[in-house]
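Please keep the sequence and the 3D view open while reading.

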Amino acid sequence: MVRVTSERITVEAFVDGRECDRIPELNLTHYQTWLQTWLQAMEPGLSPINAYEISLRLTDDREIQQLNSHYRQQSKPTDVLSFAALETEMPGAEDIYRQQPLPLGDIIISIDTAARQAQQANHTLAKEVAWLTAHGFLHLLGWDHPDDDSLTRMLDQQTHLINLLA
């Protein structure tokens, strides 16, 4: 596993036993910078000290299928899963988060599925993983897409976030 950590973002990568820092398209430091850029742009206003923690894990189809089966009862791989930390109540949380970063949650991306999708869309693996990271990030902030209209709004916001990186 490769791990990059800053004050607010943790990025972990483990893909089928391969070190992700040896996959040229996957520069973990870039993802860390992108998440920080998106946090600044979205200004979620959830933390009194404006500090957040996000974990991004790059993995393989085998692991994401296990997670998808366990948490969503869908025994198949998927491209991205998000687990928002703010979905649960914790007594005393407000006092704690006045002094330390607020955990937003975890984003887990299957590099195997992302690679297939990138090939189908005729773009790079890095672009696909950035797109999926933006999607997962929005879920951590409470965005969802239960219908076509909300999906369109979310996809438009993803496009906006990706454009901030250009």
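## Terms and basis

A residue is called buried when its relative accessible area is under 20%, exposed when that area is over 50%, and partly exposed in between, with a 1.4 Å probe and protein chains only. A salt bridge is a side-chain nitrogen of Lys or Arg within 4 Å of a carboxyl oxygen of Asp or Glu; when charges are assigned, Lys and Arg count as positive and Asp and Glu as negative, while His and the chain ends are not counted.

The model is predicted, with local features requiring pLDDT of at least 70 and side-chain atom pairs counted only at pLDDT 80 or more, whereas totals for chains, interfaces and linings use all residues. Residues are numbered from 1 along each chain as its sequence is written, and side-chain values use heavy atoms, leaving out hydrogens and water.

## A buried aspartate

Aspartate 79, found in the loop between α2 (61-72) and β4, is buried yet has no salt bridge, and the nearest side chain of opposite charge, that of arginine 72, is 7.2 Å away. The helices and strands named here are DSSP runs numbered from the N terminus, helices (H or I) having at least four residues and strands (E) at least two.

The side chain of aspartate 79 does make a polar contact of 3.3 Å with the side chain of glutamine 117. Such a contact is a pair of N or O atoms within 3.5 Å; within protein, one must be able to donate a hydrogen and the other to accept it, and residues adjacent in sequence count only if both atoms are side-chain atoms. Apart from neighbours within four places in sequence, the residues in contact with aspartate 79 (heavy atoms within 4.5 Å) include Ile64, Ile109, Thr113 and Leu132.

Strands β3 and β5 run parallel and are joined by eight bridges, with arginine 57 standing opposite isoleucine 108. Strand β4 pairs with β5 in the antiparallel sense over five bridges, and there phenylalanine 83 has aspartate 106 as its bridge partner; two strands are said to pair if DSSP finds at least two bridges between them.

The largest nonpolar core has 29 residues, and Ile54, Ile107, Ile109, Val129 and Phe137 have the most contacts inside it. Its largest share, nine residues, comes from α5. A nonpolar core is a set of buried Ala, Val, Leu, Ile, Met, Phe, Trp, Tyr and Cys residues joined through side-chain atoms within 4.5 Å. Beyond four places in sequence, isoleucine 109 touches residues including Leu56, Ile64, Asp79, Val129 and Leu132.

## Salt bridges

A search of the whole structure finds two salt bridges. In one of them, glutamate 63 is joined to arginine 57, with the closest N and O atoms 3.2 Å apart; glutamate 63 is buried at a relative accessible area of 18%, and arginine 57 is buried at 19%.

In the other, the side chains of aspartate 61 and arginine 116 meet at 2.8 Å, N to O. Aspartate 61 lies in helix α2 and arginine 116 in helix α4, so this pair ties together parts that are 55 residues apart in sequence. Aspartate 61 counts as buried at 13% relative accessibility, whereas arginine 116, at 40%, counts as partly exposed.
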